[in-house]
Amino acid sequence: MGRQRPGTPTLEEVAALAGVGRGTVSRVVNNAAGVRDSTRRAVQRAIAELGYVPNLAARSLAGHRADAVALVMTEPDWRLFGEPFFTEVVHAVGDALTDTPVQLLLTLVRTDTERQRFVEYARGGRVDGVLLMSVHAEDPLPDMLAKAGLPTVMLGRRSGEESVTYVDADNAGGARGAVRYLLDAGRSRIGAVSGPLDMYVAQCRLRGYREALEAAGVAAGASLVVEGSDFTEESGCRAMTGLLARHPDIDAVFAASDTLAAGALNALRAAGRRVPQDVAVIGFDDFHPARPTDPPLTTVRQPLEEIGRTMVRLLQEEMEESPVAWRHVILRTELVIRDSA
């Protein structure tokens with residue numbers, strides 16, 4: 001269970017500010033006829049001033065539900081939509097909504113202007129709830145949506161103190177298990193290619209890597225870690241090239257995603273290193289890449305279908321029940337052994 005929800009304006013408060021009855025406010029909210037223009041404007045001003053958002057469950061009963069949810073990606077680079085992570089998320093969420101009447105809307109929100117525009121769009125009743133993915137540490141969008149009273153569920157979280165409902169995988173535990181496997185296999189110079197460390201998912205996976213080495217009494221020098229600029233294959237290749245330049249004796253690498261690991265395999269191949277004979281490689285995600293790796297990649301599997309189902313279930317509960325506390329769900333991961341380690 002998470003933190004208590006902040007108070008949100010009520011229909012009665014709007015009515016009091018506008019100097020009208022509760023029923024008048026309800027008619028304005030529902031665009032009903034029989035309200036004078038001057039009265040409608042007064043109510044609309046009160047709604048804007050208080051930041052009032054109509055109760056979505058009540059609107060549903062009145063037949064005014066949008067029957068749509070938004071899946072929002074907050075990465076600044078639209079090209080990342082083509083990465084396996086995002087396509088798999090869309091498939092998982094879409095599958096979870098298959099047997100419902102709800103339409104899934106995909107949108108990209110990157111700037112302050114786009115954030116404000118999206119919040120106003122969502123507040124206007126065009127969607128019943130919001131699913132967020134790939135949120136960076138300082139992104140204010142989840143808080144903006146919470147303040148507006150919009151049901152919201154995140155894939156992942158911004159920090160360990162997240163106050164918005166989220167579903168996540170056990171990123172630190174998955175990384176610990178992967179590195180422990182490498183240590184048990186006799187590897188002793190284990191590097192790490194992390195994701196961008198302004199994302200909590202990358203911080204957790206790097207923490208798991210370090211915890212496994214520390215528990216085994218193996219030095220985890222800072223020079224053995226290279227931060228990827230993003231989770232792409234190109235970033236993984238650059239990071240692995242730099243890691244090899246610093247530590248030509250490296251005998252294993254843990255990469256914070258499968259795409260980073262695929263890039264690391266390219267760099268190792270270009271450097272004439274055999275995988276896994278010279279350098280073992282483990283990734284994270286077990287999504288279906290655009291092309292298979294050579295050799296097949298040992299990786300930490302995220303239960304993405306279950307993540308998608310859980311996100312949709314929690315969002316439906318947020319929309320229908322307005323629970324008084326945020327829910328935080330962390331799902332197990334699984335190490336999948338293939339030829340690269």
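In what order do the strands of the open sheet lie, and is their pairing parallel or antiparallel? In this predicted model, where local features need pLDDT of at least 70, side-chain atom pairs count only at pLDDT 80 or more, and totals for chains, interfaces and linings use all residues, 6 strands form the open sheet in the order S2-S1-S3-S4-S5-S11, with parallel pairing. Residues are numbered from 1 along each chain as its sequence is written, and side-chain values use heavy atoms, with hydrogens and water left out.

Strands are DSSP runs of E with at least two residues, numbered from the N terminus, and two of them pair if DSSP finds at least two bridges between them. Strand S2 (103-108) and strand S11 (328-331) are the edge strands, each pairing on one side only. Within the sheet, strand S3 (residues 129-133) runs parallel to strand S4 (residues 152-155) and is joined to it by 4 bridges, and Val 130 stands opposite Thr 152 in S4.

The structure also holds 3 aromatic pairs (rings of Phe, Tyr and Trp, the last by its six-membered ring, with centres within 6.5 Å; planes under 30 degrees apart count as stacked, over 60 as edge-to-face and the rest as tilted). The table gives their exposure (buried is under 20% relative accessible area, exposed over 50%, partly exposed in between, with a 1.4 Å probe and protein chains only).

| Residue | Class | Relative accessible area |
|---|---|---|
| Phe 85 | partly exposed | 21% |
| Phe 86 | buried | 6% |
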